[in-house]
Amino acid sequence: MGMTTIGLVQRKDDVGTTTIATNLAVTLRNRGDSVLLVDAGPQGRQKGTVRDWSATGDSQTPETIGVDRPVVHEKLPSIEGFDVAIIDATGKLEEMTISAIKASDLTLVPVQPSTADPKKVGQVIDCIETHQAPTEAPSNERRPAARFVISRATGSSKMGEQIQQIVSEAPFGRLDAGTSQRVAYARALGEGASVHETGDKEAQAEVKAITDEIEQILRADGQ
Ligand SMILES: Nc1ncnc2c1ncn2[C@@H]1O[C@H](COP(=O)(O)OP(=O)(O)OP(=O)(O)O)[C@@H](O)[C@H]1O
Ligand SMILES: [Mg+2]
């Protein structure tokens, strides 16, 4: 059976994309999948990339490759030996977003409620509508295999009305699970680890719930 690919795309910095990608990768690896992390973005950009994370981590860190140009969708099909690939696509270049979407069986769009930019979220939705292959459903029910995932939520950060409307009217839904703002995420990212290596049970439960939901969606899609 072929590799399943999960792409994380955004058009905005700092929304927690790399944090979700790395924690998802370690969780799936712990569950027995062989996982490839794909750092889709120009090399040598600022700190906090998947490549940085991987270089900081120990031998347990899932294998990581960098793809500097928007050719992820061309490159991934020829890679063998992995059950799952997780793409962390940085949002600077629209071509890279499109390449990651084309490569993915499921696209995830992290949204940070307190900082979400309606225009940029709208751009991602448009890209997904145009480039994500729809699931095998009767044509009148076809929706892109994509989900929003709420990232870095805080008790007080309500999603703005405008962004809430955009999310609710999008042609795909959101995961029930998401991450809250917790020190453990930042610490784990800086140490090349996941929240499973921290003592934060709540963060661990969030990551587990995100992973459970994703596995359920992929199973339902007949992966
Ligand atoms: N749930 C969270 N709780 C606390 N801090 C978080 C959380 N998610 C991410 N962070 C922190 O926020 C910053 C940005 O996170 P991250 O690097 O994952 O985002 P990104 O979208 O990949 O950013 P970039 O645009 O740099 O690629 C990092 O310092 C990270 O440790
Ligand atoms: Mg990142």
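Select Glu94, Glu95, Asp126 and Glu129 to begin: in this predicted model, these four residues gather in a patch of negative charge on the surface. Two elements each give two or more residues to the patch, namely helix H4 (94-103) and helix H5 (118-131). Glu129 is partly exposed, because its relative accessible area of 47% lies between the limits of 20% and 50%.

Return to helix H4 and select Ser99, which is found there. Is Ser99 buried or exposed? Ser99 is buried, with a relative accessible area of 1%. Displaying its surroundings brings up Pro70, Val71, Val72 and His73, which Ser99 touches when residues up to four places away in sequence are not counted.

The tour now turns to the salt bridges, of which the structure holds eight. Select Arg152 and Asp14, whose side chains meet in one such bridge at 3.9 Å, N to O. This pair links distant parts of the chain, 138 residues apart: Arg152 is in the loop between strand E6 (146-150) and helix H6 (161-169), while Asp14 is in the loop between strand E1 (4-8) and helix H1 (17-30). The two partners can also be viewed by accessibility. Arg152 counts as partly exposed at 26% relative accessibility, whereas Asp14 is exposed, with a relative accessible area of 61%.

Proceed to Arg51 and Asp39. Their salt bridge has its closest N and O atoms 2.8 Å apart. Arg51 lies in helix H2 (residues 50-56) and Asp39 in strand E2 (residues 35-40), so the bridge ties together parts that are 12 residues apart in sequence. Asp39 is buried, with a relative accessible area of 0%.

Select Glu202 and Arg182 next. Glu202 forms a salt bridge with Arg182, and the closest N and O atoms are 3.8 Å apart. Here too the pair links distant parts of the chain, 20 residues apart, with Glu202 in helix H8 (residues 201-220) and Arg182 in the loop between H6 and helix H7 (183-190). Arg182 is partly exposed, with a relative accessible area of 24%.

For the last stop, which residues are linked with Arg31 in a network of salt bridges? Select Lys208, Asp212 and Glu215 together with Arg31 to display the network.

Terms used: Residues numbered from 1 in each chain as written. Chains lettered and ligands numbered in written order. Predicted model: local features only at pLDDT ≥ 70, side-chain atom pairs only at ≥ 80, totals over all residues. Heavy atoms only, no water. Patch = residues over 30% accessible without salt bridge, like charges linked within 9 Å, V, L, I, M, F, W, Y side chains within 5 Å. Areas by Shrake-Rupley, 256 points an atom, 1.4 Å probe, with all protein chains shown as cover. Lys, Arg positive; Asp, Glu negative; His and termini not counted. Charge placed at Lys NZ, Arg CZ, Asp CG, Glu CD. Helix = DSSP H or I, 4+ residues; strand = E, 2+ residues; numbered from the N terminus. Buried < 20%, exposed > 50% of the residue type's maximum accessible area, 1.4 Å probe, protein only. Contact = heavy atoms within 4.5 Å.
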